[in-house]
Amino acid sequence: MTITWRGEKHPLCHVDELQLKGEHNWENALAAALAAFLDEVPTEKIVQVLKSFKSVEHRIEFVRTVGGVSYYNDSKATNPEAAMKALATFSEPIILLAGGHDKNTDLRPFMHLVNDKVIKLILVGAAAERFYKEARANGFPQKKIFFAGYSMHRALEIAHSLAKNGDVVLLSPACASYDMYNGYEARGREYKAIVNALK
């Protein structure tokens, strides 16, 4: 990441040094860095903040690594477009937890990306059946789809049993949470509590 201003380059840091995932977050970080730079904040202070800043809660939030498997909480992804941003962030194999209160949005672009990025799909909540039908209609293998009912515990139990070293387990529901929770924050907190209790 570099700021170029009036013909001079001001190197900041590499994106690998950030604690943020995703190009959209890197762009936001660079915009914030530029604003600070123009306000004459010293470059070394900008770099310090860039390297230490963590993602906001429930948005591609790293929870912990268990047995070489990284767990991320993206409960704030309450629509397919937001979930697609999360999926695009990772190069690792993804076990995706999706579903919830169905907004009846168009799932085709989302399921195209699921086909490309996801190795196992775990479905929860009221939207599970429609998500299943859309996944199958877009060619996602039936044997790689699992149902967890209305239980985050069950969803993570399945994910934990399937995940291998180097995988990412991602809660990015592409749905609202009101079939099971009073908001996406409650959903994300339960996810994190269960992950933090994993042996």
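Residues are numbered from 1 along each chain as its sequence is written, and side-chain values use heavy atoms, with hydrogens and water left out. Because the model is predicted, local features need pLDDT of at least 70 and side-chain atom pairs count only at pLDDT 80 or more, while totals for chains, interfaces and linings use all residues.

Helices (H or I, at least four residues) and strands (E, at least two) are DSSP runs numbered from the N terminus. Strand S1 covers residues 2–5, and Thr 2 is found in it. With a relative accessibility of 38%, Thr 2 counts as partly exposed; buried means under 20% relative accessible area, exposed over 50%, and partly exposed in between (1.4 Å probe, protein chains only). Leaving aside residues up to four places away in sequence, Thr 2 touches Lys 9, His 10, Pro 11, Leu 12 and Leu 30, where contact means heavy atoms within 4.5 Å. Arg 108 is 106 residues from Thr 2 along the chain, and the C-alpha atoms of the two are separated by 37 Å.

Most residues other than glycine have a negative phi. Glu 40, not a glycine, has a positive phi of about 65°. Glu 40 sits in the loop between helix H1 (23–38) and helix H2 (43–52), and it is exposed because its relative accessibility is 70%. Ile 60 is also not a glycine and has a positive phi of about 45°. The loop that holds Ile 60 runs between H2 and strand S3 (61–66). Ile 60 has a relative accessible area of 3% and is therefore buried.

Lys 45 lies in helix H2 and is partly exposed at 42% relative accessibility. Lys 45 and Ala 33 are 12 residues apart in sequence, and their C-alpha atoms are 9.9 Å apart in space. Thr 65 lies in strand S3 and is partly exposed, with a relative accessible area of 42%. From Thr 65 to Phe 140 there are 75 residues along the chain and 27 Å between C-alpha atoms.

Next come the aromatic rings. Rings of Phe, Tyr and Trp (its six-membered ring) pair if their centres lie within 6.5 Å; planes under 30 degrees apart count as stacked, over 60 as edge-to-face and the rest as tilted. Four aromatic pairs are found in a search of the whole structure. One of them joins Tyr 72 and Phe 90, edge-to-face, at 4.8 Å centre to centre with 65° between the planes. Tyr 72 belongs to strand S4 (residues 69–73) and Phe 90 to the loop between H3 and strand S5 (94–98), so the pair links distant parts of the chain, 18 residues apart. Tyr 72 and Phe 90 are both buried. Ring pairs also bring in Phe 62, giving a cluster of Phe 62, Tyr 72 and Phe 90.

The remaining topic is how helices pack. Axes are lines fitted to C-alpha atoms, for helices over the stretch in contact, and angles run from 0 to 180 degrees between N-to-C directions. Helix H3 (residues 80–89) and helix H4 (residues 108–117) have axes that come within 9 Å and cross at roughly 20°. That angle makes H3 roughly parallel to H4; angles under 35 degrees count as roughly parallel, over 145 as roughly antiparallel, 65 to 115 as roughly perpendicular and the rest as oblique. Pro 80, Ala 83, Met 84, Leu 87 and Ala 88 of H3 meet Pro 109, Phe 110, Leu 113, Val 114 and Lys 117 of H4. By class, this contact of H3 with H4 has nine nonpolar, no polar and one charged residues. Here Ala, Val, Leu, Ile, Met, Phe, Trp, Tyr, Cys and Pro count as nonpolar, Asp, Glu, Lys and Arg as charged, and the others, Gly among them, as polar.

H4 also packs against helix H5 (residues 128–137), at an angle of about 65° and with the axes 9 Å apart. The contact involves Arg 108, Phe 110 and Met 111 of H4 and Phe 131, Glu 134 and Ala 135 of H5.
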